[in-house]
Amino acid sequence: MRYFSLVWRSLLRKKTRTIFTVLSILVAFLLFGYLGAIRQAFEGGVELTGADRLLTLHRVSLIQLLPVSYKSRIESISGVKEVTCSTWFGGTYQDPKNFFPQIVSEPQGVLDLYPEYRLPEEQKVAWLANRMGAIAGRQIATKYGWKVGDRIPIQATIWRKKDGTADWQFDLVGIYDGVEKGTDTTQFFFHYDYFDETRMFAQGMVGWFVERIADPGRAAEIARDIDDTFANSRYETKTTTEKAFAQGFANQVGSIGAILRSVLLAVFFTILLVAGNTMAQSVRERTGELAVLKTLGFSDGKVLGLVMAESLLLSGIGGSLGLGLAWLLIQRGDPTGGALPIFFLPMRDLVRGVGLVAALGVATGVPPAIVALRLRIVEALRRV
């Protein structure tokens, strides 16, 4: 702190350049923050998948259905503890643009196999008791202003009712939160029994099965046993770990994430190079001033320290403002309006950002600091 005023005055020597350099660093770390949030949005679901859960789908594709009767046969396979079934509904809410995941499910199965969904006990009881009941994730409920007790109309795009209409009505009996911050809270779950008896076609069929297994180390073996059970049948299956399925699904849209990350990284490092060059230029312009400091008795080490302190301070101001602004803006939610199931800046990326701020200060300060260290007073004064 002894030489802080001297360092501060050096930064204010050319205020316009300092301001624009700070703004450049701010923008770079603002982009860094959004880069972390986007990465988390595309990959976070993979990290939170259950290690003890398997998914069984039709061997051909996810859109092909399987008989619900497979459930009892899967339950009898050694190593399988619990099984539930689910089906993709694919409707819209009020407007065709208002799309979010709607999952036909067995309520008890969801509650048992997905402990990461936190639902109050009274809402669990209400969901189990009400055949037209549904639960929604906190994010989607907040987005549309839903509250427990609301009647939610969903317009079907695939599953029409027996009377030929596409309008499905559900009682919102619960709103679930995630145990962890990265849990997907954009989904809408409702009863399989009500759905199956009301839909126009494909009664007794489901989209996929979810199994909880006793030993995650036997996942590959159990998955093979499940598929062997239905081999050469009309509805052959493909079983994989939930993590592998989530990773595969993420890879399908991963090109979009990769493009976004590549663009942001390119811009980020370009801005950092500009900031580093500006810092080096600032020191070069002050060769005479540094020579005067040495004339006044400042040692080489002190001059080096002053240049490094200036670089670290400049980087610290811009980086802190950038990371802080990124955190505040990301806290406001997904800028796409709900297209990303999760959107937040992970603490690990925030810590990495702080480390990168320090690294930037060192990297941009070392070259000019070495120049200042090697500076000879007579030669420097001759240039002035």
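User: In this predicted model, which residue forms a salt bridge with Glu-116?
Analyst: The model is a predicted one. In the salt bridge of Glu-116, the closest N and O atoms are 2.8 Å apart. A salt bridge needs a side-chain nitrogen of Lys or Arg within 4 Å of a carboxyl oxygen of Asp or Glu. The partner of Glu-116 is Arg-53.

User: How many residues apart in sequence are the parts that Glu-116 and Arg-53 tie together?
Analyst: Glu-116 lies in the loop between helix H4 (107–113) and S7. Arg-53 lies in strand S1 (residues 53–58). The pair therefore ties together parts whose separation in sequence is 63 residues.

User: Is Glu-116 buried or exposed?
Analyst: Buried means under 20% relative accessible area. Glu-116 has a relative accessible area of 18%. Glu-116 is therefore buried.

User: What is the relative accessible area of Arg-53?
Analyst: Arg-53 counts as buried. That label calls for a value under 20%. For Arg-53 the relative accessible area is 4%.

User: Where does Glu-242 lie, given that Glu-242 forms a salt bridge with Arg-53?
Analyst: The closest N and O atoms of Glu-242 and Arg-53 are 2.8 Å apart. Arg-53 is in strand S1, and the pair ties together parts 189 residues apart in sequence. Both Glu-242 and Arg-53 are buried. Glu-242 lies in helix H9 (residues 242–252).

User: Is Glu-82 buried, partly exposed or exposed?
Analyst: Buried means under 20% relative accessible area, and exposed means over 50%. Glu-82 has a relative accessible area of 25%. That value falls in between, so Glu-82 is partly exposed.

User: Is Arg-212 buried or exposed?
Analyst: The relative accessible area of Arg-212 is 10%. The cut-off for buried is under 20%. Arg-212 is therefore buried.

User: Which residues are linked with Arg-212 in a network of salt bridges?
Analyst: The side chain of Arg-212 makes a polar contact with the side chain of Asp-52 at 2.8 Å. The residues linked with Arg-212 in the network are Asp-52 and Glu-82.

User: How many salt bridges does the count come to?
Analyst: The pair of Glu-116 and Arg-53 is a salt bridge. So is the pair of Glu-242 and Arg-53, as a side-chain nitrogen of Arg within 4 Å of a carboxyl oxygen of Glu qualifies. The count comes to 13.

User: How many aromatic pairs does the structure hold?
Analyst: Rings of Phe, Tyr and Trp pair if their centres lie within 6.5 Å. The total is 27.

User: Are the rings of Tyr-117 and Phe-189 stacked, edge-to-face or tilted?
Analyst: Their centres are 5.8 Å apart, and their planes stand at 45°. Planes under 30 degrees apart count as stacked, and over 60 as edge-to-face.

User: Which helix holds Phe-195, whose ring pairs with that of Trp-168?
Analyst: The ring centres are 5.8 Å apart and the planes are at 35°, so this pair is tilted. Trp-168 lies in strand S10 (residues 167–178), 27 residues from Phe-195. The helix of Phe-195 is H7 (residues 192–198).

User: Which residue lies over the face of Trp-168?
Analyst: Trp-168 is buried, with a relative accessible area of 0%. The residue over its face is at 5.8 Å from the ring centre. This residue is Lys-161.

How values were computed. Residues numbered from 1 in each chain as written. Predicted model: local features only at pLDDT ≥ 70, side-chain atom pairs only at ≥ 80, totals over all residues. Heavy atoms only, no water. Phe/Tyr/Trp six-rings, centres within 6.5 Å; stacked < 30°, edge-to-face > 60°. Helix = DSSP H or I, 4+ residues; strand = E, 2+ residues; numbered from the N terminus. Buried < 20%, exposed > 50% of the residue type's maximum accessible area, 1.4 Å probe, protein only. Lys NZ or Arg CZ within 6 Å of the ring centre and 35° of its normal. Polar contact = N/O pair within 3.5 Å; in protein donor to acceptor, adjacent residues only side chain to side chain.
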